Amino acid sequence: MKTDAINMEIADYALEMIIACRDDGSIIYANKKARMELGYGEDAKGHNVYSVFPAFLDESGSPKKMRDLATGEPKDIIAYRVNKTLFHCRAVVFESDPDIYVILGLNVSEEEFLRREISNAGEEVQEADKVKTEFVANVTHELRTPVNGILGSTRDLLSVVTDSEQVKKLTLIEKSCENMNNIISSILDFSKLSAGKFTLEQREFNFRDMIDYVKESHSSRINEKGLDFFVSISPEVPDVIIGDELRIVQILNNLLSNATKFTSVGKIALEIFKTARVGKKVELFFIVVDSGIGIEKADLSKLFKSFSQVDASISRNFGGTGLGLNITKQLVEMMGGVIECESEKNKGSTFSFSIWVEVPSEEEDEEEEFEDEGGELELIAEAAEVIPEGSEEEEGIKAFGNDENISEIEKRLSKLILCVEMQNWERAEMFADSVKQLVDNAPKDIRTTTLHLKMDVQKENYDKVVEDYGQLLKYLSNYKEG
Ligand code: ADP
């Protein structure tokens, strides 16, 4: 009895309600917290848990058996006070002695209130986002209509006007309208992307035709500036792919327009490789190089942020919204890839990105003969071109010293050095690995230099790599000469 008295005293300090009742629900004990919460005053006797917790009644209003309710599982239910006001309560019922049940309960109204507030706030944000996206869509549409009106009329006039001064002014209006349309598109894309409303349209198309189109649309502007323009597609890139053609063009347009905008002497180059293959999926790797104004190291981190132009004077001199690279990054990521930039002030910039596309079944079959003998989901990096084991190709290419083998080594070495030039060390290492595969049976000096090459690539030691590369080429040419 003494221990019971002590226990009850302790129970009065408990932060949660403690109620003991009999099988018929009649309350025999309620701690201080329960008496206060439920408005029982000093004595809880005479009250019943069924009138506190309606969840203890079944659908017809009859009391459920206390034994069935005593599951030991906490449940969020409603609790009624004597004055019929209610609160949210987290309660657990368990059997203490035969015919005595204990209910522990915590008033969670505040927690529930906050949960609802957060959920309402979330809904409000979503609603606000929806309104914002719709607003931007409407405004941009409304803007596009007059701009296209001006553009159409300007082009009509350009076809009849001969006075050179007027042609110059009309051409300026035409260019301004085109710029305005580009800005409108960027704002619309940006708004859709940030509201998560942007979807990619996957269609089959001819990749080389698309690159021709991109090349043609940039050639005249690049040549007008007196710059060289090189475009190369590695032969392993499939002809036909499935992907969002328009958006791939948009990414390339953004990078090539920037390269053109920020370069006044030298060259612009676009190179495309196939870098990996998993089943039907192919990873394409694009490099856009320019010899333009470059970007300070400290500014590289700002580059892909929205509305970011690395320098305020740039927006004055070159125009632009600072949305292009942010949209480009989001598009690249939606296509499963990554985008990076390496740049040096006054030397030029290299933007590289990867995307995953699909190859249609027919194309896939053609390639499979050569590439996928090793297994279904094998990652075939062009860098580490896996040569099917035990195949004739393997015999031919892997056996060191024949023409096929040497020319393959030279090909991979030149790709390796290209990656090193681009500071793409990860890919360079893959090429180093693949060269190692091909020099297994080579004389010791070639094997050792290849190993050094790999280690120096891992250490990202540019000078050493170039030295190893030169050394290897020398050894190979000595070997060829006999
Ligand atoms: P915008 O649409 O204003 O050109 P971008 O997001 O495409 O915006 O580019 C943001 C900024 O990044 C540019 O204003 C410029 O400062 C810098 N930048 C992008 N590409 C290059 C490049 N090839 N060479 C130098 N700076 C570049």
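What volume does the largest cavity have?

Modeller: This is a predicted model. The largest cavity has a volume of about 70 Å³. Eleven residues line the largest cavity. Closest to its centre are Phe-273, Phe-285, Cys-419, Arg-427 and Phe-431. Four elements each supply at least two residues of this lining: the strands β9 and β10, and the helices α13 (403-421) and α14 (425-438). Helix α13 gives the largest share, three residues. In total, the count comes to three cavities of 30 Å³ or more.

Next, the second largest pocket. About 390 Å³ of space lies in it. Its lining has 22 residues. Those closest to the centre of this pocket are Glu-342, Gly-348, Thr-350, Glu-421 and Met-422. Several strands give two or more residues to the lining of the second largest pocket: β7 (228-233), β9 (267-278), β10 (281-290), β11 (339-344) and β12 (348-358). Note the link back: β9 and β10 each supply at least two residues to the lining of the largest cavity, and both also give two or more to the lining of this pocket.

Now to charge. A search of the whole structure finds 26 salt bridges. One of them joins Arg-35 to Asp-12, with the closest N and O atoms 3.9 Å apart. Arg-35 sits in helix α2 (residues 32-38) and Asp-12 in helix α1 (residues 2-13), so this pair ties together parts 23 residues apart in sequence.

Last, the surface. Asp-23, Asp-24, Glu-95 and Asp-97 gather there in a patch of negative charge. Of these, Asp-24 lies in the loop between β1 (17-22) and β2 (27-30).

Terms used
Residues numbered from 1 in each chain as written. Predicted model: local features only at pLDDT ≥ 70, side-chain atom pairs only at ≥ 80, totals over all residues. Heavy atoms only, no water. Patch = residues over 30% accessible without salt bridge, like charges linked within 9 Å, V, L, I, M, F, W, Y side chains within 5 Å. Areas by Shrake-Rupley, 256 points an atom, 1.4 Å probe, with all protein chains shown as cover. Salt bridge = Lys/Arg side-chain N within 4 Å of Asp/Glu carboxyl O. Lys, Arg positive; Asp, Glu negative; His and termini not counted. Charge placed at Lys NZ, Arg CZ, Asp CG, Glu CD. 1 Å grid on protein atoms, 1.4 Å probe; cavity = no way out; pocket = protein on both sides within 12 Å on 5 of 7 lines; lining within 4 Å. Points joined across faces, edges and corners; volume = space filled by probe spheres on them.
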